[in-house]
Amino acid sequence: MVDVGIVAAFIGYFVFVLLIGLYFYKKTSNISDYMLGGRGLNPGVAALSAQASDMSSWLLMGLPGALYLSGMSEMWIGVGLAIGSYCSWLVVAKRLRVYSYRVKDAITLPEFFENRFHDQKGVLRFVSSIVILVFFTFYVASGFVGGGKVFTTIFPQMPYIWAMVICAIVVIVYTFMGGFKAVSWTDFFQGMLMLVAILIVPMAAMGKLGGAEQAFATAGEISEGFLNPFTDADGAPLSIISVVSLLAWGLGYFGMPHIIIRYMAVKNPRTIKTSRRIAAAWIVVALIGAILVGIVGRAYTMNQGYVFEDKAAAETIFLVMSTDLFVPVIAGILLSAILAAVMSTADSQLLVASSAITNDLYIRLAKKKPSDKKAMWMGRIGVIIIAVIGALVASNPEASIMDIVSFAWAGFGASFGPIILLALFWKRTTKMGALAGMATGFVLSIVWNQLLAGPTGLYEIVPGFAAGLIVGIVVSLLGKQPDKEVEEEFEEVRKECKEC
């Protein structure tokens, strides 16, 4: 039977995020507002919006599920992500904010590439838009899978497909209405809810087990290496390739469109240091919480007399502990945190994918530039198109959130990461170098995932990122020197960044 308290908490949460969408619907007047919030984010909103849109259901379900099954060896993903997130804020954020505004106020990543390299034919913009649409289709699907699992936990009689569709509809509605501002402000509140939830649940479980010491003692009985970060669950030492692959998740931050777009939206570049500190604190605490959910969750289910054996089931451990350990209203709020994680990422991804369709394909290719009103409605239609495709991909209830996110994360990191760094920090980078590097990372990440990841054990982001960087440099050096105007813009940006 469905508990009224849980349902009430859910309904309250949905009403809250939809009201935010409605509020910003009335404040969104042009395409820049809809896609980039008019570059008006304050430091706190920029930081929490970036981190909340980063983590998704992966934080509360994917990562805990991996730790639940494999033990502390999976913590290296968290270490890599914490380092990568901090370095991205430190290295990329300020310069991208300044540079994107300097080159004709670019409001999307593909538009930045086009303007940065003075690509008159728009090839870079077109190719990068295709990359965004391909990988965000999978990434959005991972969020819908997470949302579907939450609904089927609360409403056991509801078919998974309907549960997933309901989650998708809510995300579509408030993203459709309010655009970037609605997405950023809902992400801000959802980020705080996620942080509280991911700490409270493992703490309650440890209390149930007799304290932290007893909880970890129980987990230590699972196998020889379960609590050892340097071995697998069976006690065999981790290979260098395994550690590198797990840490390499951090490389993804340099090329993740839905995260770095927040850098471009910061109101004042001088406040980015504040945003970086807030973001770093949030992600460290959140990742520690996720690790505890997985490890303590394994001890908790053992104490209850059962163990999840497969990925899809293990990824529900946060759901299980929330409903077991808390009264219905509190459980409903905690389960809403997973929807917060799902929606804070899916909305951002839908918006970036929509901007690729609208600003980087439709407006760029249209014979006559459309009005702002028409462009905004095209953006909203784009949200629906990508969401529908993502929902089709997410229609399998056995899909692993971790596997889907891993594929999309590597694809973006390998395709865009090297080119972002070269565009921002190497004046000699050429249009053809950027295009060749992007294409190399894109193709290699897919090929490696399908053919070589299993035999080699190496996560595809490593060869994809390295190859993209090398090819970008080599092709640039072999080509003609960039135009004088391009180099002058680069120097102006470097000077401005030093002053702010």
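Residues are numbered from 1 along each chain as its sequence is written, and side-chain values use heavy atoms, with hydrogens and water left out. Because the model is predicted, local features need pLDDT of at least 70 and side-chain atom pairs count only at pLDDT 80 or more, while totals for chains, interfaces and linings use all residues.

Start with the charges. The structure holds seven salt bridges (a side-chain nitrogen of Lys or Arg within 4 Å of a carboxyl oxygen of Asp or Glu). One of them pairs Arg102 with Glu492 at 3.2 Å, N to O. Helices here are DSSP runs (H or I, at least four residues) numbered from the N terminus. Arg102 also meets Glu496 in a salt bridge, at 2.8 Å, and here the partners sit 394 residues apart, again with the Glu in helix 19 and the Arg in helix 4. Arg102 is partly exposed at 35% relative accessible area, as are Glu492 at 38% and Glu496 at 29% (buried means under 20%, exposed over 50%, partly exposed in between, with a 1.4 Å probe and protein chains only).

A further bridge joins Glu114 and Arg125, whose closest N and O atoms are 2.8 Å apart. Glu114 lies in helix 5 and Arg125 in helix 6 (residues 123-154), so the pair ties together parts 11 residues apart in sequence. Glu114 is buried at 8% relative accessibility, and Arg125 is buried at 6%.

Next, the loop between helix 4 (75-102) and helix 5 (109-116), which holds Lys104 and Asp105. Most residues other than glycine have a negative phi. Lys104, however, has a positive phi near 65°, and Asp105 has one near 50°. Lys104 counts as exposed at 70% relative accessibility, whereas Asp105 is partly exposed at 30%.

Further along, helix 16 (residues 401-425) and helix 18 (residues 461-478) pack at about 30°, with axes 8 Å apart (axes are lines fitted to C-alpha atoms over the stretch in contact, and angles run from 0 to 180 degrees between N-to-C directions). The two helices are therefore roughly parallel (angles under 35 degrees).

Finally, Ile381 is found in helix 15 and, at 41% relative accessibility, counts as partly exposed.

Technical notes. Parallel < 35°, antiparallel > 145°, perpendicular 65-115°, else oblique.
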